[in-house]
Amino acid sequence: MHVRDRIRLLARQVRALSRRLEPVAPLMTRLVLGWAFVRTGQGKLVQFDRTVDFFAAVGIWVPNVSAAFIATLEFVGGAMLCLGLGTRVCAMLLSCTMVVAALTADRARLFGAFAADGGYGPIEVVPLLFLLFLLWLVADGGGLVSLDRLLARARPSIGESEVEVVHRRTAAAREARSVP
Amino acid sequence: MTALAAWRWVRRPELLAPALHGVAALATRIVVGWTMLRLGLAHAGALAATAQEIASHGVPLPAAAAVMLVALELAGGAGILLGLGTRLWALLLGAMMIAALATTARMRFVEAAVPGGEIGLLEVVPLVLLMLLAWLAIRGAGRWSLDRAVERYLAVRRSLAQAADPTAPTRIVILGGGFGGMYAAMELERIFADDPHVRITVVNQDNFLLFTPMLHEVAASDLDLTHIVSAARKLLSHAEFVNGEVRAVDLERREVVVAHGEEGGRHRLQYDHLVLGLGSVTNFYGLPGLESGAFTMRTLGDAIALRNRLIASMEEANVVADPDRRARLLTFVVAGGGFAGVETIAAINDFARETRRYYPGLREGDIRMVLVHSGDRILPELSPRLGVYAQDKLAARGVEIRLETRVKGLGEVGVQFGDGEVLPSRTLVWTAGTSPHPLLATLTCPKQKGRIAVDATMAVPGCPGVWSLGDCAAVPDLVRGGTCPPTAQHATRQGTVLAGNIAAAIRGERLREFRFRMLGQLAALGRRSGVAQILGLRFSGFVAWWLWRAIYLLKLPGFERKVRVALDWSLDLLFTKDLVMCPSDRAPAARRTACDAVPAASAADVEPAAPARR
């Protein structure tokens with residue numbers, strides 16, 4: 001077998017194998033992330049006064065209202081992520097809070113991550129990680145094992161099927177572009 | 001306008017997906033690649049400490065494991081950062097992360113997983129990496145990656161190739177679905193899996209691939225009838241399969257005539273590349289009575305027929321009193337002391353002697369098994385010591401071995417030998433001669449002892465686009481000299497090389513020569529013993545038998561069949577051999593069933609039954 005064919009065969013096998021992992025990544029991400037948000041949201045709600053003080057200290061506007069909003073969002077949104085209910089909307093809202101967090105509370109750490117001798121990499125900046133995973137969830141949805149998928153199957157006219165349509169269109173467009 | 005678009009995205013976030021995928025994949029690649037490279041450099045700097053840490057978790061060969069770890073981290077990190085081979089690296093590194101979570105990071109992982117702990121799961125670096133790698137594995141490297149560039153380049157090349165050659169697809173026709181033909185077809189399928197411009201057609205008279213090394217196990221009822229065959233259509237994923245008999249090959253007009261079906265339909269297949277893998281047929285050397293009366297061991301039908309004959313003879317002998325007729329019924333002769341003959345007689349000997357206890361009219365001494373061989377010892381392909389061992393083993397089990405004896409014919413009474421002796425027997429199994437497929441005689445290409453003379457690339461000289469392999473080709477053996485022996489291990493490897501050569505010929509690349517050193521040969525002698533010669537080492541007895549089963553089980557094509565055969569073999573530890581005849585006639589109908597009208601009147605020609613002996 002020619003080397004080129006071998007590579008092609010390997011690529012096919014790798015793709016077949018990764019296709020089997022399809023449900024794993026979104027599920028794992030949702031559970032880990034959702035649970036983490038439930039925990040931090042709970043912490044903020046239980047010690048609400050300290051949260052408000054902290055928000056004021058890092059310079060967030062209207063600290064008491066935003067603290068209440070963010071604490072609730074993290075708690076409820078985290079639970080919904082775990083279930084895979086409204087994954088995209090939840091992930092989008094939570095990623096907004098994470099942008100704020102990264103730019104306020106963890107600002108110094110964020111910029112230190114990419115310094116050559118910082119001693120830690122981007123993977124250790126927690127809000128950045130959250131953002132990255134949330135980005136995947138916004139882009140990809142809750143995956144095969146989620147309430148979203150279950151509901152979408154019940155109402156096939158809206159919901160997930162639209163993603164597939166979009167995907168197909170972009171793939172077709174790409175194909176059309178690549179053929180001279 | 002922007003507000004409207006934003007509102008649309010909030011309402012339908014999935015519309016953003018294609019744009020976001022690229023961003024997410026790139027960001028993930030940077031984070032993962034950066035981290036892997038940093039880890040790799042750190043580990044490389046402290047290789048000894050890394051090896052020690054690995055050793056403390058009980059991993060064997062810690063030094064080698066540490067080097068592999070560092071290599072994987074550096075190569076994988078770089079690959080992911082560039083987006084080259086992303087999915088492969090993601091899978092490999094993902095497996096590594098799982099290993100890390102089970103060993104070095106286990107304490108931290110457990111601590112983080114306990115609710116109310118100090119650290120969150122996202123602070124366990126291997127877990128975070130595993131999650132990110134999982135995303136890369138399922139979604140690939142995204143828009144800004146070398147993977148995508150390569151894909152695009154290949155797509156352009158493919159479309160250019162299609163535009164340059166708007167003619168009909170390249171047609172590859174493979175005649176014969178034995179080991180050579182089938183393996184060539186499967187390899188071609190793999191090579192041209194995503195190429196719609198190559199059409200592969202396999203022609204075979206059976207719609208299955210028969211695993212001939214296990215044929216005697218069917219004859220001896222060790223395996224179920226259908227477990228040693230695999231449906232050709234299941235082995236092939238998109239090659240076309242034609243169940244029919246090859247009638248003619250026209251090398252000039254480049255076409256093949258195939259006859260198929262009961263109604264005798266014929267059709268023509270045109271080819272650009274032709275693979276002749278028709279195998280060989282039994283050669284009776286014109287000996288009288290053999291062609292009509294002798295059994296062979298080449299097809300599944302042969303094995304079933306022999307098994308039926310064995311059981312039928314025992315059933316009949318059980319009720320026959322006349323000693324001459326009993327002897328004739330219970331004497332089984334196998335001609336040929338090669339692998340097929342020896343394995344066949346060992347298997348049917350075991351079968352007959354094991355199932356005898358169900359026949360109260362038969363005694364141990366009644367069954368006679370005779371192996372006839374023209375040489376001075378059996379299994380001439382193996383070393384003399386193993387041949388003698390096999391002889392002793394078979395003799396101890398009650399097989400008579402007649403060396404330097406030739407079969408001269410098969411008559412009414414029995415088998416005639418070269419010295420004029422006639423051994424009364426009703427069953428002769430002929431494994432002593434093969435000749436190439438008769439169709440080859442009609443071809444004009446060069447031949448060597450009837451087999452097609454091919455060069456080391458398996459191309460037929462003077463006939464461009466014609467190839468041959470397996471039993472019907474004389475493929476030069478570049479390792480030992482002479483031509484390759486007609487074995488399955490050669491045919492399967494020839495198939496693979498030949499497929500690569502056809503691909504190379506289509507693309508105008510260099511052809512590869514077939515060069516293969518025989519790994520070894522094995523023969524099963526029944527009752528958990530065997531002989532084997534593998535890579536120059538000799539084995540006999542139980543070890544060889546076990547090797548036989550293990551090796552052939554691995555070689556059996558298809559996972560499903562492997563499971564079935566393994567189950568069959570496991571179950572025969574518990575149960576005795578099956579002795580059900582495999583009936584081939586249809587259900588009785590009123591007109592077809594013959595009954596004696598008045599049994600009492602014709603009592604004269606009803607012989608007395610043998611008294612039951614226990």
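Select B:Val531 first: opposite this residue, in strand S25 of chain B, stands B:Ser540. The model is predicted, so local features need pLDDT of at least 70 and side-chain atom pairs count only at pLDDT 80 or more, while totals for chains, interfaces and linings use all residues. Residues are numbered from 1 along each chain as its sequence is written, and chains are lettered from A and ligands numbered from 1 in the order in which they are written.

Strands here are DSSP runs (E, at least two residues) and helices are DSSP runs (H or I, at least four), numbered from the N terminus; two strands pair if DSSP finds at least two bridges between them. Two residues lie between the strands of this hairpin, where B:Leu535 takes a positive phi near 50°.

Now select residues 529–534 of chain B, strand S24. Five of its six residues are buried, so the strand is largely enclosed by the rest of the structure. A residue is buried if 20 or more other C-beta atoms, placed from the backbone, lie within 10 Å of its own.

Move on to residues 520–526 of chain B, strand S23, which pairs with S24(B) in the antiparallel sense over six bridges. Display B:Gln521 together with its bridge partner in S24(B), B:Gln533. The hairpin of S23(B) and S24(B) also has two residues between the strands, and B:Arg527 there takes a positive phi near 45°.

Elsewhere in chain B, an open sheet of three strands has the order S19-S20-S22, with mixed pairing. Its edge strands are S19 (447–448) and S22 (473–474), each pairing on one side only. Select residues 451–453 to show S20(B), which pairs with S22(B) in the parallel sense over two bridges. Within that pairing, B:Ile452 has B:Ala473 as its bridge partner.

Zoom out to the whole of chain B, which has 19 helices and 25 strands. Of its 614 residues, 40% are buried.

Finally, turn to chain A and select helices H4 (residues 63–83) and H5 (residues 87–103), whose axes come within 10 Å and cross at roughly 145°. Axes are lines fitted to C-alpha atoms over the stretch in contact, and angles run from 0 to 180 degrees between N-to-C directions. Among the residues that meet are A:Ile70 and A:Leu73 in H4(A), and A:Leu94 and A:Thr97 in H5(A); contact requires C-beta atoms, placed from the backbone, within 7 Å.

Methods. A residue is buried if 20 or more other C-beta atoms lie within 10 Å of its own, exposed if 12 or fewer, and partly exposed in between; C-beta atoms are placed from the backbone. Two residues are in contact if their C-beta atoms, placed from the backbone, lie within 7 Å.
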